[in-house]
Amino acid sequence: AALQRSLEKSMSQVEQQLREKGATEGVVDTQVFYGRFRAAALNHRPLTALLHKRAEMHEAYSATLEELEAFYVHLRARLITAPVTSHLQTLIRREMETSELAPAT
């Protein structure tokens, strides 16, 4: 539970940074998506390493590790969805030169 709260806090901080920088209006510095989570990972590494080590010993460790990984993926996907969608829409609206288009196969 503490690890999940920590990840949620990291996500909130990133969302705040995105709001402050107006991420939905244009280009986003991708470091915004990684910095907070990398810092939090230093605190989580001992626990996740222990779970990895013990995962083969008992099913509960493996299940806990899988739940944490799924939670992490869910948060990260939620976090990048809006900026990626916005960026793709910007690309679609922009007139592209023929040389920028993917070749037909």
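Reader: Why is Glu59 called exposed?
Author: Its relative accessibility is 67%, and exposed means over 50%, with buried under 20% and partly exposed in between (1.4 Å probe, protein chains only). So Glu59 counts as exposed. One caution: this is a predicted model, where local features need pLDDT of at least 70 and side-chain atom pairs count only at pLDDT 80 or more, while totals for chains, interfaces and linings use all residues. Residues are numbered from 1 along each chain as its sequence is written, and side-chain values use heavy atoms, leaving out hydrogens and water.

Reader: Where does Glu59 sit?
Author: In helix α3, residues 59–93. Helices here are DSSP runs (H or I, at least four residues; strands are E, at least two), numbered from the N terminus. The protein has three helices and zero strands, in the order α-α-α.

Reader: What makes the negative surface patch?
Author: Glu59, Glu66, Glu67 and Glu69 form it. Patch residues have over 30% relative accessible area and no salt bridge; like charges are joined within 9 Å, and nonpolar side chains (Val, Leu, Ile, Met, Phe, Trp, Tyr) within 5 Å. Asp and Glu count as negative, Lys and Arg as positive, with His and the chain ends not counted. A charge is placed at NZ of Lys, CZ of Arg, CG of Asp or CD of Glu.

Reader: Which residues make the nonpolar patch?
Author: Ile80, Val84, Leu88 and Ile92, covering about 360 Å². That area comes from the Shrake-Rupley method with a 1.4 Å probe; for residues, only the protein chains shown count as cover. Val84 is found in helix α3.

Reader: Why is Val84 called partly exposed?
Author: Val84 has a relative accessible area of 41%, so it lands in the in-between class. Leu50, in helix α2 (residues 31–54), gets the partly exposed label too, at 34% relative accessibility.

Reader: How do you know that Arg76 has no salt bridge?
Author: A salt bridge needs a side-chain nitrogen of Lys or Arg within 4 Å of a carboxyl oxygen of Asp or Glu. For Arg76, which is buried, the nearest side chain of opposite charge is Glu15, 11 Å away.

Reader: What does Arg76 touch, then?
Author: Not counting residues up to four places away in sequence, Arg76 touches Phe33, Tyr34 and Phe37. Contact means heavy atoms within 4.5 Å. Arg76 belongs to helix α3.

Reader: How many of the residues count as buried?
Author: Of the 105 residues, 21%.
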